[in-house]
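Okay, thanks for coming, everyone. Let me put the model up, and then we'll walk through some side-chain contacts together.

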Amino acid sequence: MNIFKSSLLFLILLLLCRSNIYAQNNSPEASHLFSEAGLEYKKGNYEKAIKHYESILQKGLTNGTLYYNSGNSYFKYGDMGKAILNYERALKLMPRDSDLHSNYSYALSLQKINEINFNHTFIKRVIQKYADQITLDELTIALFFFILLIGTIYLSMLFFRWPQKTSFFVIAGLFMLLCFHSYVFALKMEESNKLAIVLHDADSKFEPVEKSATHFKLKAGTKIKIIKKESDWFKIERMDGKAGWIKVDIIERI
Amino acid sequence: MPVSSSAQDISFEASVNTNKIALGSSLQLTLTITGTKDAHVELPDIAGADSSYIGPSTRVSVVNGKYSSSVAHNYSIIPLKEGNLKIPSISVTVKGKTYTTNSIDIKVVDKGALAGTGVKQNQSGSISLKDKTFLQLEIQKKKNYINEKVPFVIKLFFKDVSLKDVQFPTFEHTSMLVDKFQKPKQYQEIVGNSQYQVVEFKSFIYPTRAGKLIMGPATLKTNILIQRSGRRRNRFRGLDSFFNDDFFQGVFGGYQKHPVSIESGNFEIEVLELPRKGKPADFSGAVGQFNFEVTADPLNVKVGDPITLKMKVHGRGNTASIKMPSLEAGKDFKLYDPQIKEKGGVVFLEQVLIPKHEQATEIPDVSFTYFDVERESYKTITRGPFPLIVNKSDEESKFLEFSDKKNKRATEILGRDIVFIKDNSGSFKAINHYLYRSSGFIFTVSVSFLIWCSGLIAHKRTHKLKTDISYARRLRAPKEAKKGLSQSHKLLMQKKQKEFYNAIFKTIQDYFGNKFHLNSVSVTFDMVKEKLAEKNIHAAILSDLKSIFDECDMVRFASINLDENKMKSAYKKTQEIIDFIERHFK
């Protein structure tokens, strides 16, 4: 009886907490800035539009549409590095938006960059493609949902005497889904830390020294993986596996 | 014939290898200083000749035990004009004393005179080396038009000299464009009463401005071969001819190069503006004499099929000034950018057009206008129109986009742009706020987990209750005991002795039966004692229990009457025992 009472108490607390999360949902200033930015963009004042979008970001608010519009503004303004960076950020939040995909592909093609995939085996590539279609939050919910289902089916098996064999079958299946999605989750977590976009055309050096020889060139908008950091240099890896050093201000994490 | 001055052992001499020399040859001057190595000898400038230092040579001789050394400085002297050339006296100072050579007179004659061919020389002054060559600039036509292709020629004349490394002439050409020189021609020509060798350079100019234009002067750089006078004596007599060959002489010093720069005079031309009278509207600047040809193929097509239009302009004139005509985009055709190229003085144009519908019955005519320099008038050549048969296309007459490799646009995809911004911002969320990190989500997960756990536990309990009878009974024991006790109490109050003790007995039996999973009806004190003994029970409890059992037996079976107090104490004891057991045994 004690347990039931305490769990009920938790539920009530939970409901109270939920309302907190969406408190920042309706920030009126952010919406205003967004509309202003849109107007500036339509007038062709791309720099002003960019400034407005940046102000919203400085408030600590964002969403996929914001990054998308921001990317468009940088694109029109001419800063392809920043444009692609914003598109990548937008893809993290709305990975299935066709407009976004269209603009992203176009931007990459203008920079003569092929879509980059750091995975080299076929299976990993397929999983990556799937991972690219969903956001991290959606994945979290999916994982929770799978676990919930498993728990419910198990309890139903006990309480309502559901047929054991089929129940276990279903649970096993759900468990596999759970494992798979956990892997995808881990994948997304790893890449969100290490991936960055090159902001300006730069030379990647052999050593973290100014005068070092150039190993290869990086075009603005290229996606690279960060391996490690040493004072104000990053060791980065390109899709083809080549590694080199660049200054920290050349790239920005997605 | 050395001329010397000497004091003690030091002597300074000047000598030449010949006193008579032809124009176009060089002689060797040797300054020899004997008896000292410290002298610094310098040759002053010689009027009317070029001098260059060849090098020193030293000689050491021992004569009658006397050691003497001499240094000879050799110079090459090239006389520049005929007449008397005077090599001045040269001095050198050694240890404070000055030694001077005497001057030397050289007679320079013109090669022609030396050769004795009897050719008369000009009496207007002595002939100089330079007179042997001259440069001439010539334009046939004095009157030209802007942009006209005007031929000109530069001629290099030379006589009695050999030239080496002749370079292309250069000249000032403001307000005109110049073509590259063609391959030069060499021949002989008689000028005055002398025969000259001629090298001819031909090319074209294109005046870019009207008015009086000055061309030239032209400058040509070359080297005159100067023959060294006095053959080198060599010991290999028999091989004289071999070693005296020009090649060897050149290598071993039979000839030397004397660079000269030859200049011509100016040349003035008059450039006219193209006449305004009769200038057609479509004249685009072509000057010359041209032919114009046009072909179109195929002429029987379906709507949307490409037709290639080819134009050709060739002839004499300024091809750079030609602007090819092109068709105007109309409602009948879709035109692509024309491809123009020039090869070997002919200009080609290719353009693709696509008929938009069946009513395009002909390709319109094209005209090319130029200014004919010979006739001094404008001329227009028109070709076409070309009749066309356009059939309906197989599908619905859609307008097809034609992509031909020849007509590739600069951008890869026609007219691509990014998709427009979105107007609806939707709701904002915190940057880097992820669900898995949010407190609300964590709460939900924890609560769900707790609910699930409680559900599981609940089930486990009911399950246990269902399957584990002894457990179920053990749980039931106190409740039923309580019920039994309250019933007993009622009977106590009612003073129903027999019923009371029956109830008490049943209560105890049921209780211990439930508690220790025994058959309630057959519970005896000994059984209970046994069970309790395992648990190390207090002796008092056991004795109390025994007395209750005995009392119950007495009343029930022996029909002994016990008073109320006894009943009360029995009740109380039972209650205490049950409480005690409850507290200490679960």
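The areas themselves are Shrake-Rupley with a 1.4 Å probe, and for residues only the protein chains shown count as cover. A salt bridge here is a side-chain nitrogen of Lys or Arg within 4 Å of a carboxyl oxygen of Asp or Glu.

Some housekeeping. This is a predicted model, so local features need pLDDT of at least 70 and side-chain atom pairs count only at pLDDT 80 or more, while totals for chains, interfaces and linings use all residues. Residues are numbered from 1 along each chain as its sequence is written, chains are lettered from A and ligands numbered from 1 in the order written, and side-chain values use heavy atoms, leaving out hydrogens and water.

So, the patch. A:Phe122, A:Ile123 and A:Val126 make a nonpolar surface patch of about 340 Å². A:Ile123 sits in helix H7, residues 122-131 of chain A (helices, H or I, at least four residues, and strands, E, at least two, are DSSP runs numbered from the N terminus). Is A:Ile123 buried or exposed? Exposed, at 59% relative accessible area; the scale is buried under 20%, exposed over 50%, partly exposed in between, with a 1.4 Å probe and protein chains only.

On to charges. Side chains of opposite charge can pair when their charged atoms come close. How many salt bridges are there over all chains? A search of the whole structure gives 26.

One of them pairs B:Asp423 with A:Lys42, closest N and O atoms 3.1 Å apart. B:Asp423 is in the loop between strands S33 (389-391) and S34 (429-430) of chain B, and A:Lys42 is in helix H2 (residues 28-43) of chain A, so this pair joins two chains. B:Asp423 is exposed at 56%, and A:Lys42 is partly exposed at 44%.

Within chain B, take B:Glu189 and B:Lys155, with closest N and O atoms 3.6 Å apart. They link distant parts of the chain, strand S17 (residues 185-191) and strand S13 (residues 150-158), 34 residues apart. B:Lys155 is buried at 12%, whereas B:Glu189 is partly exposed at 25%.

B:Lys257 also bridges to B:Asp165, at 3.2 Å between the closest N and O atoms.

Now rings. Phe, Tyr and Trp (its six-membered ring) pair if the centres lie within 6.5 Å, with planes under 30 degrees apart stacked, over 60 edge-to-face and the rest tilted. The structure holds 34 aromatic pairs over all chains. B:Phe152 and B:Phe181 have ring centres 6.1 Å apart and planes at 70°, so they're edge-to-face. B:Phe152 is buried, at 3%.

Another pair is B:Phe283 with B:Tyr378: centres 5.0 Å apart, planes at 75°, so edge-to-face. B:Phe283 is buried at 14%, and B:Tyr378 is buried at 13%.

Last bit, charges over rings: NZ of Lys or CZ of Arg has to be within 6 Å of the ring centre and within 35 degrees of the ring normal. B:Lys149 lies over the face of B:Phe204, 4.7 Å from the ring centre. B:Lys464 lies over the face of B:Tyr471, at 4.6 Å.

Conventions: Patch = residues over 30% accessible without salt bridge, like charges linked within 9 Å, V, L, I, M, F, W, Y side chains within 5 Å.
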